[in-house]
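This report looks at side-chain contacts: the nonpolar core, the aromatic pairs and the salt bridges.

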Amino acid sequence: MKSKSQSQSDEAEGPDGGWGWVLVVAMFVSSSLVFGLMRSLGIFFVEFVQYFEESAQAISWISSTGLAAQQFFSPLAAALCNAYNPRVVVMTGGFLAGLGLTLASQSTCLVHLYLTMGVISGFGWGMVFTPMVATVMANFTRRRALALGLGFSSIGLSSFAFNPLFQLLVETYAWRGALLILGALSLNIVPCGALIRPQRRSKAPSCASMLRRIASYLELSLLTERPYLTYTLGVTLFNVGYFVPYFHLVAHSRQVGFSEYQAAFVMSAAGASDILGRVVSGWFSDLGHFRVVHLLTLWTGLAGVFIMLLPVSSMSGSYAALMVISLLYGFCSGALTSVVFAVVPMIVGVERTMGALGLLQLIESGAGLLGTPLSGKCALKLWLLSWFLTWVRSNPRGSAEPPPKKHECLEFEEKKKKLFFTKEGFSDCTYETGGVRYLQQG
């Protein structure tokens, strides 16, 4: 009798293992091909600025549209999973993610990239991420944060590996060939979705009943619950700046004078520390010494501090300083993601987790859409501040030589051109005269 009641209690809590660990592996791979890939798209940022001759703010809309689409369509994916089969939903999302990147390789203008990399791939990412996270959480109770930490650790690992890999692909096959390869790589999400055990469903319903069923699983009643709304607002606010370093830091590192591979390695280093942060945070939170919400507050605050220190560290021109801050930011950003989703079942219950995650992603999609372009708009101001401090440091008596005239820009050696965040009215080259870097105004 005792063993029977104990097994019933364990079953009520969740299996905490078994096939759940297989799903953790599937989540590990699919997360690397969603957010790991999304974090490494900064390599293409520089190529798009050069090829399309557009400003950083315009190029930023590509990545922000993809992020916003991923979050915006998450409630639909969650409702489809609750109403029908998460296996089919994830597999379809993997196909759409690969299709969008494949079509993006044939783009001739920015609008094409907005629709392909942004909307189509973003829609696919949304149909993959939330169902995989909810499926893993449904298979764990006591070790839920650790399971999520291990599954999410692939994001840091792929960030470490993808940045130099993407740089190599761009140099070898140009950006079109590189995107075509990424599209094929993204199709590996399909077999990850196939690892989700199919659920037994009744016979196929009519179209009207299908729509009613999907609507019933959207969990819109959560929008009337204060604890859930408060938590969602907090997550939305930090989501404004969470992805900014991953989209802009590579181009910013090249702008301040570091080489292409040095810039790529900055993000790779942040990805490596991200892995450690996710695993350590998941393990430590499962020990139960502190409340998960308090740990989330700690990691979020530290991540915000290191985001502010990233541009400051590059002003000195020290690669080591930029690397240290990137490592610290990577650790904290990884640590907070292991617990940010683990809090949701504590607020709404395990049975409503799928719908709650979908709504959370939908609400924070606005922050993901606006965060990166707004930071791109501020990039020129940060560059001018960095340039001014460089000028003051290297010319304490104001003995700088005057900047060259416009016709000298055309004669300037190609190898000394430095790309930076462009803006209407400014050219895309800088000049180094007497140790000072100048911005030529058009």
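## Nonpolar core

A nonpolar core is a set of buried Ala, Val, Leu, Ile, Met, Phe, Trp, Tyr and Cys residues joined through side-chain atoms within 4.5 Å. The model examined here is predicted. Its largest nonpolar core has 105 residues. Those with the most contacts inside this core are Phe-44, Phe-48, Met-117, Val-133, Leu-148, Leu-179 and Phe-341. Helix H8 gives the most to the core, with 13 residues. At least three residues come from each of domain 1 (18–197) and domain 2 (219–392).

Leaving aside residues up to four places away in sequence, Leu-179 touches Phe-44, Phe-48, Leu-101, Ala-104, Ser-105 and Met-117. Phe-44, Phe-48 and Met-117 are also among the residues with the most contacts inside the core.

## Aromatic pairs

Across the whole structure, a search finds 16 aromatic pairs. In one of them, Phe-48 and Trp-175, the ring centres are 5.2 Å apart and the planes stand at 85°. How is this pair classed, and why? Planes over 60 degrees apart count as edge-to-face, so at 85° the pair of Phe-48 and Trp-175 is edge-to-face.

Phe-48 lies in helix H3 (residues 42–52) and Trp-175 in helix H8 (residues 144–186), so the pair ties together parts that are 127 residues apart in sequence. Both residues, Phe-48 and Trp-175, are buried. They also belong to a cluster linked by ring pairs, together with Phe-44, Tyr-51, Phe-52, Phe-162 and Phe-166.

## Salt bridges

Is Glu-225 buried, partly exposed or exposed? Its relative accessible area is 26%, and buried requires under 20% while exposed requires over 50%, so Glu-225 is partly exposed.

The side chains of Asp-274 and Arg-278 also meet in a salt bridge, at 2.3 Å from N to O. Both residues lie in helix H13 (residues 260–286), where Asp-274 and Arg-278 are 4 residues apart, about one turn of the helix. Asp-274 and Arg-278 are both buried.

Terms used:
Residues are numbered from 1 along each chain as its sequence is written. This is a predicted model: local features need pLDDT of at least 70, side-chain atom pairs count only at pLDDT 80 or more; totals for chains, interfaces and linings use all residues. Side-chain values use heavy atoms; hydrogens and water are left out. Buried means under 20% relative accessible area, exposed over 50%, partly exposed in between (1.4 Å probe, protein chains only). A salt bridge is a side-chain nitrogen of Lys or Arg within 4 Å of a carboxyl oxygen of Asp or Glu. Helices (H or I, at least four residues) and strands (E, at least two) are DSSP runs, numbered from the N terminus. Rings of Phe, Tyr and Trp (its six-membered ring) pair if their centres lie within 6.5 Å; planes under 30 degrees apart count as stacked, over 60 as edge-to-face and the rest as tilted. Domain bounds come from an automatic or database domain assignment. Contact means heavy atoms within 4.5 Å.
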